[in-house]
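Could you walk me through some of the labels used for this protein?

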Amino acid sequence: MSFRIPSVSACSKLLLAFSIGLSLVSAHPMAQAEDDAARGCKHPRIRKEWRQMSQRERADYHAALNCLHSIPGLYQDKVPGLSSYEDYVYLHKSHTPYVHLVGHFLPWHRYFLWTFETQLRDECGYKGAQPYWDYTLDEAVNLHSSPIFSPTAGFGGDGDYVANQTTPPDLPRGTGGGCIHDGPYANWTIHISRNTTLFREDRCLQRSINPDVAAYWTTPQRQADILAQPDYGWMSKVLEGGPSWETLGIHGAGHFIVGGTDGEVFTSNAEPLFYLHHANLDRIWWKWQQDEPSVRYSDISGPIRPWSNVLGPVYEGLPYGNVTLDFEMYLERVAGTIKVRDVMNTMAGMLCYEYTD
């Protein structure tokens, strides 16, 4: 069974336009990855925590992201001026209501991240792997001093202070809210509009670092709670969390400790730190799988239809039922159709990578 996720328009149009059936599409960023799969995973990419990377490796990663943001994208007919980097923002925007609060949350983002990483390598000459950010290594009280937010060793610091910044009503507010002014992305312009709207909206990257969210949610104990879950269903649910302070989970918290652009649910991946955050979520799933690989490489469950309608008022045409290994996922113009089973093992099939921890 296969289900196609539509392109974005207005919110009601987005959700009502959901139609059944998947079609094969262009997959040029995945060409090298497919060749690697055919040869077997002999030389896996090694994904490192940001602090484990050399100065040169960090600089190469920044250069690759800036390169991708300079290449004209595939969706300029949807929003004029979109870059190849913003193709992924468009994809995340259009798929958000259907790949969150569902069983395929982790597999879809694993495929999404692998495709992004592969395009950095194929089109921008990046030799490394996608880094991750293990925020449990940071002390919440000193979050602003994390190497992640260093203007020279990381991604730049907080945004300007904005007194009336918008945050979910039950979350503590962060310390910024406005544009960032240092680091390798200080001069970036994002062209795609926020939320479910679809028009050109030139804007800066914004941040609002949030130590309060970090102190409560991105702790070693929270990660341990995820790893202690007995099956995929519970592990995924505890990791992803829900749409409130009480249920936020490491997933939601990882977005809101950065805040600003990263806290905009539909277009959160306009912020480069999105990719380090989701690589860390993927690492936690990978780490959980390593404890019992013979069982957990095939353990998948959870609903096809989101268990909450917080991201959309209706899901007409979206079937009920649970995700299986044969559930299909695709990335529109960027990459072709795959099944969940294709991304269950990071060292087999189409994938070829592992984490340092």
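Here are a few questions and answers about helices, a cavity and an annotation.

This is a predicted model, where local features need pLDDT of at least 70 and side-chain atom pairs count only at pLDDT 80 or more, while totals for chains, interfaces and linings use all residues. Residues are numbered from 1 along each chain as its sequence is written, and side-chain values use heavy atoms, leaving out hydrogens and water.

Q: Why is H8 called roughly parallel to H9?
A: Helix H8 (residues 232-240) and helix H9 (residues 249-256) pack at an angle of about 25°, with axes 3 Å apart. Angles under 35 degrees count as roughly parallel, so H8 is roughly parallel to H9.

Q: Which residues make the contact between H8 and H9?
A: Contact means heavy atoms within 4.5 Å. Val238, Leu239 and Glu240 of H8 meet Gly249, Ile250, His251 and Gly252 of H9.

Q: What makes Gly count as polar here?
A: The rule lists Ala, Val, Leu, Ile, Met, Phe, Trp, Tyr, Cys and Pro as nonpolar, Asp, Glu, Lys and Arg as charged, and the others, Gly among them, as polar. The H8 and H9 contact thus divides into three nonpolar, three polar and one charged.

Q: Which residues line the second largest cavity?
A: They are Phe105, Leu106, His109, Arg110, Leu113, His278, Leu281 and Asp282. H5 gives the most, with five residues.

Q: What does UniProt say about residues 100-117?
A: The unreviewed entry annotates them as "domain: Tyrosinase copper-binding". The span is 72% helix and 0% strand.

Technical notes:
Axes are lines fitted to C-alpha atoms, for helices over the stretch in contact, and angles run from 0 to 180 degrees between N-to-C directions. Helices (H or I, at least four residues) and strands (E, at least two) are DSSP runs, numbered from the N terminus. Angles under 35 degrees count as roughly parallel, over 145 as roughly antiparallel, 65 to 115 as roughly perpendicular and the rest as oblique. UniProt positions are given in the numbering used here, feature names are shortened, and annotations may be inferred rather than shown by experiment. On a 1 Å grid over the protein atoms alone, a cavity is a set of points where a 1.4 Å probe fits but cannot get out, and a pocket is an open set with protein on both sides within 12 Å along at least five of seven lines; lining residues have an atom within 4 Å of a point.
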